[in-house]
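Hello,

Here is the structure for your files. My notes follow below it.

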Amino acid sequence: MPHSISHTYALGQLYLMRVSIALLSYDHGIIRQVVDVLSEILRANQKSDFMAEAMEISAFLNDFVDKFHHKKEEAYLFPIASLKVPELATTLPELVSDHAKARELLDAMNDSMGEKADWGAFSASASSLIAHMTAHINKEELSVFGKIEEALNREEDRGLIQAMNEFAN
């Protein structure tokens with residue numbers, strides 16, 4: 001079996017998973033877990049008990065999601081997808097716009113923490129961010145990633161992996 005492809009079965013068909021897409025999906029899993037913790041903080045509704053954790057989550061979301069994950073998608077995945085999957089011509093710009101919206105929501109959440117802590121504003125912005133990120137990830141994974149995987153060949157997949165690894169280092 002080739003090194004860069006894993007085989008899975010979906011609906012009784014052999015399905016080739018491209019490693020570049022799998023790695024981005026793994027990122028999504030990490031993001032989901034962090035967003036779930038943020039959701040639990042909101043459920044607890046006790047700012048004094050969890051503001052330190054919320055600040056750590058915010059820093060993670062800023063660094064990992066915005067500066068790392070979204071950049072990999074925008075700089076590497078989306079450009080090749082726009083060439084290989086013309087039917088995503090309107091969807092890819094929407095995803096980039098979603099990334100900008102996530103940045104705005106994260107900024108609003110950050111503005112409500114620290115010395116100017118405002119639990120109401122924090123809760124509202126964090127709730128919006130959670131809903132936005134959940135919908136965005138679902139959109140990518142359910143409507144976009146599969147189409148890109150089908151269109152990429154092994155060499156393109158390897159090229160994406162190499163570019164993303166170089167970016168990460």
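**What was found**

The chain has five helices and two strands. Helices (H or I, at least four residues) and strands (E, at least two) are DSSP runs, numbered from the N terminus. The order from the N terminus is β-β-α-α-α-α-α.

This is a predicted model: local features need pLDDT of at least 70, side-chain atom pairs count only at pLDDT 80 or more, and totals for chains, interfaces and linings use all residues. Residues are numbered from 1 along each chain as its sequence is written, and side-chain values use heavy atoms, with hydrogens and water left out.

The chain has 169 residues, and 40% of them count as buried (under 20% relative accessible area, 1.4 Å probe, protein chains only). Its accessible surface (Shrake-Rupley method, 1.4 Å probe) is about 9100 Å². Carbon and sulfur atoms hold 55% of that surface.

Now the contacts (heavy atoms within 4.5 Å). Take those between residues at least 6 apart in sequence: 77% join residues at least 24 apart.

Next, the nonpolar cores (buried Ala, Val, Leu, Ile, Met, Phe, Trp, Tyr and Cys residues joined through side-chain atoms within 4.5 Å). The largest has 24 residues. Those with the most contacts inside it are I31, L38, L61, M109, F122, L129 and M133. Two or more residues each come from α1 (19-44), α2 (47-84), α3 (91-111) and α4 (119-151). α4 gives the most, with seven residues. A second, separate core has 16 residues, including I80, L92, V144 and L160.

M133 touches I31, V35, V65, H70 and A102, leaving aside neighbours within four places in sequence.

Best wishes

Key: Buried < 20%, exposed > 50% of the residue type's maximum accessible area, 1.4 Å probe, protein only.
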